[in-house]
Amino acid sequence: MRYLVTGGAGFIGSNTVDELVRRGHSVVVLDDLSGGKEENLAEIRSKITLIKGSITDIEVVRKAMHEADYVIHLAARTSVPRSVKDPIETNRVNIDGTLNVLIAAKDVKVKRVVFAASSSAYGETPTLPKVESMQPQPISPYGVTKYVGELYGQAFGRCYGLENVSLRYFNIFGPRQDPSSPYSGVLAKFCTAFLEDTQPVVFGDGEQTRDFTFVENAVQANLLACEAPNVSGKVFNVGTSGRISLNDVLLTLGKITGKTLEAKYEPPRDGDIRDSQADISQAKEFLGYDPRITFEDGLSRTFEWYQSTQAKVQAQAKSEK
Ligand code: NAD
Ligand code: UD1
């Protein structure tokens, strides 16, 4: 089968592409490398086609869509605070770009589009865990764009018969999550702080909770969502069904690394939600989703990955001297 993975040079994208290649599929990646990196695809680079371009350019999207069977649409501006600062740019990529992907997908009659939606659609709805039947109430521009992406997918299903599934990921973490931007995911930031013995920054009191989900679980959901029968138009939570506070994450990292780091507490971020936890019974029932990697295992594996990556970079720098 031929898969188009938009955002395939990014964190979740490159992990998904690895698995698709491992299973023998043909893969086209469309990525403008604004957040992702070509080196994320290094191991399988000769086996895939990488098109460097933006989903905001419909002609580029049409080219990438050529003969695609399935589309896994991950390309996006992914940061909540960045969307608060620049809602127009987030809207342009996440909504206009998604519309281009859907138009090109229906024109070549792909079998299905799987869309990277987000738990941020739930916003501040107080009930935990979050169930797909709850009315979304996004509180950030980013959350709005992700919810609109779901609605557009469903509308394309009704108007043009385009099969679509939206996966509301809950805080995915793991190898290749970029720690270098001020907008990077918190676990990438915390792992790097423990590696470099710098102070982890906590926005707020650190008692906010997230259903941190190891990336292999999300990859499993992406692939299941492409092929599961009778799920078009549906939305599924992709998490673990647990939740942990940032303060407890820091304690867990302390245990993994044998270090104790004093966190620096700063004011909470605009657009931040307080608590997040997935009810995953729908994904289990309809997709056969089974998140096998626990938070603790995933965190150990992630920390080891940052450690080995840092060691490689240091060895490389030494050999170039
Ligand atoms: P990421 O930044 O690593 O991946 C996004 C990729 O999209 C990057 O490679 C980037 O270069 C690419 N991209 C951005 N704008 C583009 C454009 N205009 N055209 C083409 N490519 C473009 O982030 P990620 O964490 O891997 O997120 C992947 C998807 O999952 C996103 O849609 C994000 O909103 C969604 N998501 C992520 C999480 C999470 O916790 N990481 C949770 C919920 C939803
Ligand atoms: C994350 C994803 C978003 C996704 C959402 C869904 C990223 C960058 N964001 O948003 O794409 O849709 O999950 O679940 O991947 N924090 C700190 N210190 C830091 C960084 C963050 O305390 O250095 C705090 C934040 O204020 C927030 C929590 O950690 O309370 C999580 O932040 P972050 O990793 O940016 O994720 P979300 O905003 O939940």
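Colleague: At what angle do helix 1 and helix 7 pack?
Modeller: In this predicted model, helix 1 and helix 7 (residues 215–227) pack at about 60°, and their axes are 9 Å apart. That angle makes helix 1 oblique to helix 7, since angles under 35 degrees count as roughly parallel, over 145 as roughly antiparallel, 65 to 115 as roughly perpendicular and the rest as oblique. Helices are DSSP runs (H or I) of at least four residues, and strands (E) of at least two; axes are lines fitted to C-alpha atoms over the stretch in contact, with angles from 0 to 180 degrees between N-to-C directions.

Colleague: What conventions apply?
Modeller: Residues are numbered from 1 along each chain, with chains lettered from A and ligands numbered from 1 as written. Local features need pLDDT of at least 70 and side-chain atom pairs 80 or more, while totals for chains, interfaces and linings use all residues, and side-chain values use heavy atoms without hydrogens or water.

Colleague: How many residues surround ligand 1?
Modeller: Ligand 1 is surrounded by 28 residues (a heavy atom within 4 Å); D31, L74, Y142, K146 and I172 are the closest.

Colleague: Which element gives the largest share of that shell?
Modeller: Strand 5 does, with three residues. Helix 1 (11–22), strand 5 (112–118) and helix 5 (141–160) each supply at least two.

Colleague: And which backbone atoms approach its oxygen atoms?
Modeller: A backbone N or O atom of L74 lies 2.7 Å from an oxygen atom of ligand 1, and a polar backbone atom of S34 is 3.1 Å from an oxygen atom of the ligand. Polar contacts are N or O pairs within 3.5 Å.

Key
A polar contact is a pair of N or O atoms within 3.5 Å; within protein, one must be able to donate a hydrogen and the other to accept it, and residues adjacent in sequence count only if both atoms are side-chain atoms.
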